[in-house]
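I opened this notebook to record, entry by entry, what I looked up in one structure. The entries follow the order in which I consulted the model.

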2 protein chains.
Amino acid sequence: MRKTTIEEVAALARVSIKTVSRVINDEPNVRDTTRLKVRDAIDRLGYRPDQSARRLAGARSYLVGLLYDNPSASYVIDVQSGVLDRCRAENYEILINPCDYKNHALCAEIENLVRHARLDGLILTPPLSDHQELVSMLRKQLIPFVMVAPPNQSDPARSVFTNDRDVCREMTRYLASLGHERIGYIIGHPDHGAVGARYRGYQEGLSGAGIRFRKGLIGQGYNSFISGEEAARQLLKRKVRPTAIFAGNDEMAAGAMKAAHEMGLTIPGDLSVAGFDDVPLASQIWPSLTTIRQPIRAMSEKAADILLNQIRGEPVNGLQMIPSVMVIRDSTGPIGG
Amino acid sequence: MRKTTIEEVAALARVSIKTVSRVINDEPNVRDTTRLKVRDAIDRLGYRPDQSARRLAGARSYLVGLLYDNPSASYVIDVQSGVLDRCRAENYEILINPCDYKNHALCAEIENLVRHARLDGLILTPPLSDHQELVSMLRKQLIPFVMVAPPNQSDPARSVFTNDRDVCREMTRYLASLGHERIGYIIGHPDHGAVGARYRGYQEGLSGAGIRFRKGLIGQGYNSFISGEEAARQLLKRKVRPTAIFAGNDEMAAGAMKAAHEMGLTIPGDLSVAGFDDVPLASQIWPSLTTIRQPIRAMSEKAADILLNQIRGEPVNGLQMIPSVMVIRDSTGPIGG
DNA sequence: CTGAAAGCGCTAACAA
DNA sequence: TTGTTAGCGCTTTCAG
């Protein structure tokens, strides 16, 4: 069974192929009755336009690139499925493209990729959304793009945010409400844009609860398990050790838990631990991790929406913010509990 | 800067476009000197053929589909990156396609996908490699495909294996060598083909160590954390409880660890636990999990190789087996240790 | 509002 | 061993 082509649709609908093309592309200047007739023929034949032919003939490629350099597999999978859903629904394909954000030639490579694969647009996820050089290049080249969780709100029309800061403030206050006063914090990788917002949320949470900020309770991590473990070990070795540790992501929180275990501390009895992201790990360690669920899938769907609109030249509505929510599990509890 | 086309290459090399086409496609019947001349022109111009045009004109699409329905994000990401590497190197693109293996219309959908996207071939990962209906459909339709870790060796030319059974035997004997005699086993999801081989390896390991197989030490899981937790809880409630538990994957092993912790058992003091896969979780829980590292990336690269060869009609060499290896960490130790 | 004709950049026959 | 000529299925002019 051969694929049905635009000609067969045109024949069945008794119009020219150009009219069919107009209908396919939602172009104006087609009488409603004609449009209906064509739509009907399309349905009856199960016709779907050939992407290669459209790409070759037209200006658009119906292809968007998805750029990522994220060590968290579950993050990437969530982003992919969100974007896939949206794009397939609109007959766009996605080109997944793992990157190395430290690669000095990254900009050139991406520019090349866009040109060669004729990408209609790009979706950037952290830490690529934080890559200033890349972002300015795209702006300069007028390449449509959208950023998931960029570090600031300077380009809201091309961004999807979550409320890192608010929810971190909330988490800190929650820990305080359990009686904790020495609440440590492990900062994430400095190259990661959301890191600042989360840290600020923590600080605000402290002051909101009337707790003094202490530099000595802050550790620097790099988003990895091992970095969290090391940072926590330092914090826990102090004379006045924290009774709670809030880490900038779940991997570091898990590392902190390991450090605590190895030092003979029980969780949450001697130490409460909280993370951020709600990766699968969070519910698979013991005790299960109190954390913050980031709406990754919803954010990526929204990002795809924005990008497709942008590509079509349609207006993009206001600030896109999808809230993260706290998930309280077993790794946090009342002080001395 | 417009993209350079085959015509410009032909002009520079002073040959016809057909000759350039022959060189691009590694076709025979081109004099070596001509081939060199053309290659040189291609390099000088930085020419790369337009995929859409090739797809439209030719029989091949330079597109392969990657099918998966796997809850483990790290597994999928590893497969993707292995396949991507190989395919991009050969100028093939991949179409990632999450599936639902329980969907009754799956076969029809895949058939449709192949036809509509004009896929040159398909890579199946578990549990899709175990989907008999799908596999026979592909065979019948003469659609090139390759299976990662299929349930049996009935079609070695289209398969990449690992030595599940051998390495599970080895792990079981390792546990026995630590003094364990009551070694429990949690079976994975029955729909998953590798499950049988792993279980058999366990049984062989027992008899190899001179330990009697006891039905009462076997639990049925479904590859998920929670199923492992429940199965382990049953096993540990028995009057003569196991001193070691070997689970068919890491998630279930983590679930078993949770059950043990909640029952007040220490690991590995009271209970040794081992898993399979070496997902990131394995090194991020406490104590870190003794497990078996599956060479997912290497297997998928090999799978891509096999598929591309098959597509080109080149011969496929013998049985492809890439061994898994044991990774001993802290969740296993001498009995009563 | 609709249609005819000219490509997009390449591969597939077929000729030479 | 090489070149010529038709398309592949669609979008884009440009004319009606």
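**Entry 1. Strands in chain B.** I began with terms: helices (H or I, at least four residues) and strands (E, at least two) are DSSP runs, numbered from the N terminus. Two strands pair if DSSP finds at least two bridges between them. With this in hand, I found that B:Gly184 stands opposite B:Ile245 in β8(B). Strand β6 (residues 183–187) of chain B pairs with β8(B) in the parallel sense, over four bridges. I then followed β8(B) to strand β9 (residues 272–274) of chain B, where three bridges join the two parallel strands. There, B:Phe246 has B:Ala274 in β9(B) opposite.

I also asked which residues cover the faces of strand β8 (residues 244–247) of chain B. On one side are B:Ala244 and B:Phe246, on the other B:Ile245 and B:Ala247, and all are buried. Buried means under 20% relative accessible area, exposed over 50%, and partly exposed in between (1.4 Å probe, protein chains only).

**Entry 2. Basis of the values.** I noted that this is a predicted model, in which local features need pLDDT of at least 70 and side-chain atom pairs count only at pLDDT 80 or more, while totals for chains, interfaces and linings use all residues. Residues are numbered from 1 along each chain as its sequence is written, chains are lettered from A and ligands numbered from 1 in the order in which they are written, and side-chain values use heavy atoms, with hydrogens and water left out.

**Entry 3. The sheet in chain A.** I read the strand order of an open sheet of six strands as β2-β1-β3-β4-β5-β11 (chain A), with parallel pairing. Strands β2 (93–98) and β11 (320–321) of chain A stand at the edges with a single partner strand each, so one side of each is left without a neighbour in the sheet. Within the sheet, β3 (residues 121–124) and β4 (residues 145–148) of chain A pair in the parallel sense over three bridges. A:Leu124 has A:Met147 in β4(A) as its bridge partner.

**Entry 4. Domains of chain A.** I listed domain 1 (1–43), domain 2 (63–161 + 296–322) and domain 3 (164–294), with bounds from an automatic or database domain assignment. The contact (heavy atoms within 4.5 Å) between domain 2 and domain 3 takes 11 residues from domain 2 and seven residues from domain 3. These two domains of chain A bury about 750 Å² between them, 53% of it on carbon and sulfur atoms. Buried area is the accessible area (1.4 Å probe) that two parts lose on being put together, summed over both.

**Entry 5. Chain B against chain A.** I found 36 residues from chain B and 36 residues from chain A in the contact. About 3,300 Å² is buried between the chains, and carbon and sulfur atoms give 64% of this area. B:His116, B:Gln284 and B:Trp286 supply 21% of the area that chain B buries against chain A, more than any other three residues.

**Entry 6. Cysteines.** How many disulfides does the structure hold over all chains? I found zero, a disulfide being a pair of cysteine sulfur atoms within 2.5 Å.
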